[in-house]
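Here are my notes on the model, point by point. Please read them with the structure open.

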Protein chains: 2
Amino acid sequence: MAKRKTVKKTVGDWANNHDHRVCIGDALVKAASLCGQRGARLTQIRRRVLELIWSSHRPIGAYSLLKVLKKERENAAPPTVYRALDFLLEQGLIHRIQSQNAFIGCADPNHQHYGMFLICTDCGNAVELEESKIDRLLNSSALSQGFVIESRTVEAAGLCPQCQIN
Amino acid sequence: MAKRKTVKKTVGDWANNHDHRVCIGDALVKAASLCGQRGARLTQIRRRVLELIWSSHRPIGAYSLLKVLKKERENAAPPTVYRALDFLLEQGLIHRIQSQNAFIGCADPNHQHYGMFLICTDCGNAVELEESKIDRLLNSSALSQGFVIESRTVEAAGLCPQCQIN
DNA sequence: TCATAAATGTTATATTATAACAATAATGAA
DNA sequence: TTCATTATTGTTATAATATAACATTTATGA
Ligand SMILES: [Zn+2]
Ligand SMILES: [Zn+2]
Ligand SMILES: [Zn+2]
Ligand SMILES: [Zn+2]
């Protein structure tokens, strides 16, 4: 890979003005590293699906992925994509956006986090919210009813800073 | 309708030991009243779909509803159900559970609320979380990135008090 | 090098949701 | 009441999302 400038892409960076190739590159490097550590096999298909998911900050659906894959691999079929997605989800490399039946890359697969997203209804971009306070409040609120949370889906739709201007 | 004891079904009541007919009855009465006020037509089909949704505290899918409806109305088809669901969603009489592609009755359709749910992975029951603090925290957390939330999906999966015992 | 397990290929089908147009029923104005 | 308008429901077809089941190939390590 050619040497590239390291631009920090912070969580909550809604700007279009970053070099998104850096996001993609970072994600793939991290994924390879994590899978290596874990003895999980980031095969060609899986890697390519991850790359396609990272091709934008918009969640992408399984059949959109399939459409692209088919151009490169004529025998790609739904299971091809869904198996790759299952693997990537298991490894925490992507998240599922329930409200869209779509998938998005996880920028920080190595950290504990909760899969909480802000999703712009205009440009479609989504960013992960790293806010442990929400998680704690949710937990304590549930506990006050005796309910123990194991996993959560938090998806807030609205307008990102960019799209409020336009 | 026969006179019945008014049993308060509080939010967060996970017990099986309430008379669920009361939940159903209350929901239908409230729905009729609200629709009346709004000039919205709670037709036979819509009312029946609402009743079926309220038949348990578990979210129920469109095609499960259809299966039941077909026994009573031989020309019921997917649009029959989805139109009723659309109406009930618009009126705030039901909520959609995104993580299950399923629907659940709203116990308090007249109040402002946020559609936040606790869903038991064991018994399948779901209750709506009335916790404005979570909503405020979510809003402020989003705002700190300049993001304005318009709607939210909060679905926490875990074990309800009953199912922790078993 | 061979047995095993993991990944992928392949075909079929299940599940969830909507499009499009026709027929009927409700509503209110003339 | 009658008629025009709109809302609701009927009907058929199909789109979109996801999984089952079994065959084949590839990777892995004993
Ligand atoms: Zn980027
Ligand atoms: Zn935007
Ligand atoms: Zn009940
Ligand atoms: Zn339970």
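1. Start with the zinc ion (ligand 1). Its protein donors are His18(A) (NE2), His20(A) (ND1), Cys23(A) (SG) and His57(A) (NE2), at 1.9 to 2.2 Å. Keep in mind that this is a predicted model. The 4 donor atoms subtend angles of 101 to 120 degrees around the zinc ion (ligand 1), so the arrangement is tetrahedral. Along the chain, the donors are spaced H-x1-H-x2-C-x33-H.

2. Are His18(A) and His20(A) buried or exposed? His18(A) has a relative accessible area of 16%, so it is buried. His20(A), at 17%, counts as buried too. The cut-off behind both calls is under 20% relative accessible area.

3. Chain B has a zinc site with the zinc ion (ligand 3). The ion is coordinated by His18(B) (NE2), His20(B) (ND1), Cys23(B) (SG) and His57(B) (NE2). The distances run from 1.9 to 2.2 Å. Angles among the 4 donor atoms are 101 to 122 degrees, and the site is tetrahedral. The sequence spacing of these donors reads H-x1-H-x2-C-x33-H. His18(B) is buried at 16% relative accessibility. His20(B) is buried as well, with a relative accessible area of 16%.

4. Which residues hold the zinc ion (ligand 4)? The protein donors are Cys120(B), Cys123(B), Cys160(B) and Cys163(B), each through SG. They lie 2.2 to 2.4 Å from the ion. The angles subtended by the 4 donor atoms are 102 to 115 degrees, which makes this arrangement tetrahedral. To count as tetrahedral, four donors need all angles between 85 and 135 degrees. The donor spacing in sequence is C-x2-C-x36-C-x2-C.

5. Cys120(B) is buried, with a relative accessible area of 2%. Cys123(B), at 23%, counts as partly exposed.

6. Next, the aromatic rings. The count is 2 aromatic pairs over all chains. In chain A, Tyr63(A) and Tyr82(A) form an edge-to-face pair, 6.2 Å centre to centre and with 65 degrees between the planes. Tyr63(A) lies in helix H3 (residues 62–72) of chain A, and Tyr82(A) in helix H4 (residues 78–90) of chain A, so the pair ties together parts that are 19 residues apart in sequence. Tyr63(A) counts as exposed at 52% relative accessibility. Tyr82(A) is partly exposed at 35%.

7. In chain B, the pair is formed by Tyr63(B) and Tyr82(B). Their ring centres are 6.2 Å apart and their planes stand at 65 degrees, so this pair is edge-to-face. The cut-off for that label is over 60 degrees. Tyr63(B) sits in helix H3 (residues 62–72) of chain B and Tyr82(B) in helix H4 (residues 78–90) of chain B, so parts 19 residues apart in sequence are tied together. Tyr63(B) is exposed, with a relative accessible area of 52%. Tyr82(B) is partly exposed, at 37%.

8. Arg46(A) lies over the face of Phe87(A), 4.0 Å from the ring centre. Arg46(B) lies over the face of Phe87(B), at 4.0 Å from the ring centre.

9. Now the DNA. How many residues surround DNA strand D? There are 18, and the closest are Tyr63(A), Arg96(A), Thr43(B), Asn75(B) and Arg83(B).

10. For Arg83(B), a polar side-chain atom lies 2.4 Å from a base oxygen of DNA strand D. For Asn75(B), an N or O atom in the side chain is 3.1 Å from a phosphate oxygen of DNA strand D.

11. Which elements give two or more residues to the surface near DNA strand D? They are H4 of chain A, together with helix H2 (44–53) and H4 of chain B. H4(A) gives the most, with 4 residues.

Terms used:
Residues are numbered from 1 along each chain as its sequence is written. Chains are lettered from A and ligands numbered from 1 in the order in which they are written. This is a predicted model: local features need pLDDT of at least 70, side-chain atom pairs count only at pLDDT 80 or more; totals for chains, interfaces and linings use all residues. Side-chain values use heavy atoms; hydrogens and water are left out. Rings of Phe, Tyr and Trp (its six-membered ring) pair if their centres lie within 6.5 Å; planes under 30 degrees apart count as stacked, over 60 as edge-to-face and the rest as tilted. Buried means under 20% relative accessible area, exposed over 50%, partly exposed in between (1.4 Å probe, protein chains only). A charge sits over a ring if NZ of Lys or CZ of Arg is within 6 Å of the ring centre and within 35 degrees of the ring normal. Donors are N, O and S atoms within 2.8 Å of the metal (3.2 Å for Na, K and Ca); water is not among the atoms, so sites may look incomplete. Four donors count as tetrahedral if all angles lie between 85 and 135 degrees; four count as square planar and six as octahedral if opposite donors are over 155 degrees apart and all others between 65 and 115; anything else is irregular. A residue is near a molecule or strand if one of its heavy atoms lies within 4 Å of it. A polar contact is a pair of N or O atoms within 3.5 Å; within protein, one must be able to donate a hydrogen and the other to accept it, and residues adjacent in sequence count only if both atoms are side-chain atoms.
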